[in-house]
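Let's take a friendly walk through a protein model. Have the sequence and the 3D view ready.

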Amino acid sequence: MRFIDLFAGLGGFHLALNSLGHTCVFASELDPKLRELYYENFKIRPRGDIRDIGAATIPEHDILCGGFPCQPFSKAGEQNGFEDEKSGDLFHHILKVLKHHNPKYLILENVPNFAKHDEGRTWRIAEKLLRDLEYDVQLKKLSPHRFGIPQIRERVFIVGKKKGLDGFIWPDEKWPDLLVDENEITINKVLDPNPTDARQVSDQVVRCIEVWQNFLNHFPKERQLPSFPIWSMEFGATYPYEEITPWKLGAVELRKYLGSHGKSLDGLTDEEVFQSLPSYARTEQDKFPDWKIRFIKQNRALYAENLEWMNSWLPEILPFPSSFQKFEWNCKGAERDLRKLVLQCRASGLRAKRPTTAPSLVAMTATQVPIISWENRYMTPRECARLQSMDELRHLPFAPTAAYQALGNAVNVEVVSLIAKALLEGAVNNRKNEKEPTLSAI
């Protein structure tokens with residue numbers, strides 16, 4: 001069949017559909033450098049902004065594919081949804097193409113928050129608009145790690161078919177033998193042994209890891225580490241946060257309290273008062289959301305329970321930027337040795353994970369790339385490509401930062417391949433006699 005690849009990026013949909021024997025007849029991509037790279041890899045030159053492309057100029061096709069921009073729906077963004085000025089209208093341009101060409105199938109991808117955005121209203125609107133075009137649609141969240149690929153990257157996938165999805169079964173239900181327990185996965189599957197092009201971890205990050213390792217060493221061995229994010233700036237802080245926010249209270253009243261890491265706010269200028277609070281406590285709102293109140297309360301209780309040793313540890317964390325003053329232990333029950341774990345520096349803090357799976361790749365800075373701590377290095381772009389099942393991609397962006405960003409925006413090829421295979425075979429009635437696929441075969 002013929003398919004089109006909208007918001008093409010590195011061509012994850014292209015790799016997936018092409019591996020199943022289908023032919024790409026059109027692609028679009030906003031980034032000019034990624035358009036050139038797409039041509040190098042696939043010998044198809046994508047056109048630019050879909051908003052500038054008339055639907056009538058797009059070739060006839062059977063399948064429409066697209067990982068439409070996620071920023072309007074991501075928890076990391078402003079969550080303006082379809083109202084987002086920059087890219088919230090792009091879903092409507094997908095609808096224009098569907099309305100003009102009436103392809104039989106569609107496969108779309110977005111961040112998991114798309115399903116819950118605006119209390120589910122965004123998805124209900126999108127579903128209605130697609131059904132108005134006579135597509136039967138289904139939505140589901142899937143992650144590569146469920147199929148043995150060492151990356152936890154939950155994404156929403158939407159499949160649709162003209163006038164009925166009878167017989168369609170999502171791949172995790174259709175082929176349960178493909179599912180793998182996370183503890184049976186190893187990140188070594190995608191790693192090269194001591195690659196010469198790997199970027200070494202900076203001295204500051206090394207020191208940050210050492211400081212949080214010291215925190216783990218002091219933490220009582222008989223107690224489990226917190227599952228909530230550890231915010232060290234709450235250790236010693238007393239500013240109000242439950243009934244009123246610091247912004248609502250005002251600088252004059254705030255001077256009676258202690259700010260980040262127990263710093264006195266007395267005698268400071270109005271500007272200095274707010275700068276001495278954690279960044280998340282400076283937001284201009286009357287009341288904090290429940291999750292923020294909960295995290296602050298949990299961290300202050302943690303400090304009260306461990307006051308003696310935390311006060312001696314606290315000076316070690318003070319020289320670091322705020323993102324390094326937070327920590328996430330995402331490996332319950334694991335040995336408390338950061339040099340045996342996969343780490344990631346995020347805005348939410350230093351995150352520690354078991355060496356089974358990598359954290360989800362994000363389209364941000366190169367410093368957020370997963371750290372292979374036992375080799376004191378970041379993952380290389382080629383290793384990250386394997387996390388996205390893109391090892392067959394001949395060319396990646398030359399600059400590592402651009403490569404990491406593009407891979408963070410990409411779809412996982414094997415997950416899309418499985419979804420596409422299930423969708424395009426979904427109408428087969430004699431499913432009992434189907435031979436189950438293997439990932440290597442797809």
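How much space lies in the second largest cavity? About 50 Å³. This is a predicted model, where local features need pLDDT of at least 70 and side-chain atom pairs count only at pLDDT 80 or more, while totals for chains, interfaces and linings use all residues. Residues are numbered from 1 along each chain as its sequence is written, and side-chain values use heavy atoms, with hydrogens and water left out.

**The cavity**

The structure has two cavities of 30 Å³ or more. A cavity is a set of points on a 1 Å grid over the protein atoms alone where a 1.4 Å probe fits but cannot get out; lining residues have an atom within 4 Å of a point. The volume is the space filled by probe spheres set on the points. Among the residues lining the second largest cavity are E109, R153, F157 and N412. Its lining divides into five nonpolar, two polar and three charged residues.

**The sheet**

Six strands (DSSP runs of E, at least two residues) make an open, mixed sheet in the order β2-β1-β3-β4-β6-β5. Two strands pair if DSSP finds at least two bridges between them. The edge strands, β2 and β5, each pair on one side only.

| Edge strand | Residues |
|---|---|
| β2 | 23-27 |
| β5 | 135-142 |

Strands β1 (residues 2-6) and β3 (residues 63-66) run parallel, joined by four bridges. Here I4 stands opposite L64 in β3. Helix α4 (residues 121-132) packs on the sheet and touches β4, β5 and β6; contact means heavy atoms within 4.5 Å, and a helix is a DSSP run of H or I of at least four residues.

Methods
On a 1 Å grid over the protein atoms alone, a cavity is a set of points where a 1.4 Å probe fits but cannot get out, and a pocket is an open set with protein on both sides within 12 Å along at least five of seven lines; lining residues have an atom within 4 Å of a point. Ala, Val, Leu, Ile, Met, Phe, Trp, Tyr, Cys and Pro count as nonpolar, Asp, Glu, Lys and Arg as charged, and the others, Gly among them, as polar. Axes are lines fitted to C-alpha atoms, for helices over the stretch in contact, and angles run from 0 to 180 degrees between N-to-C directions.
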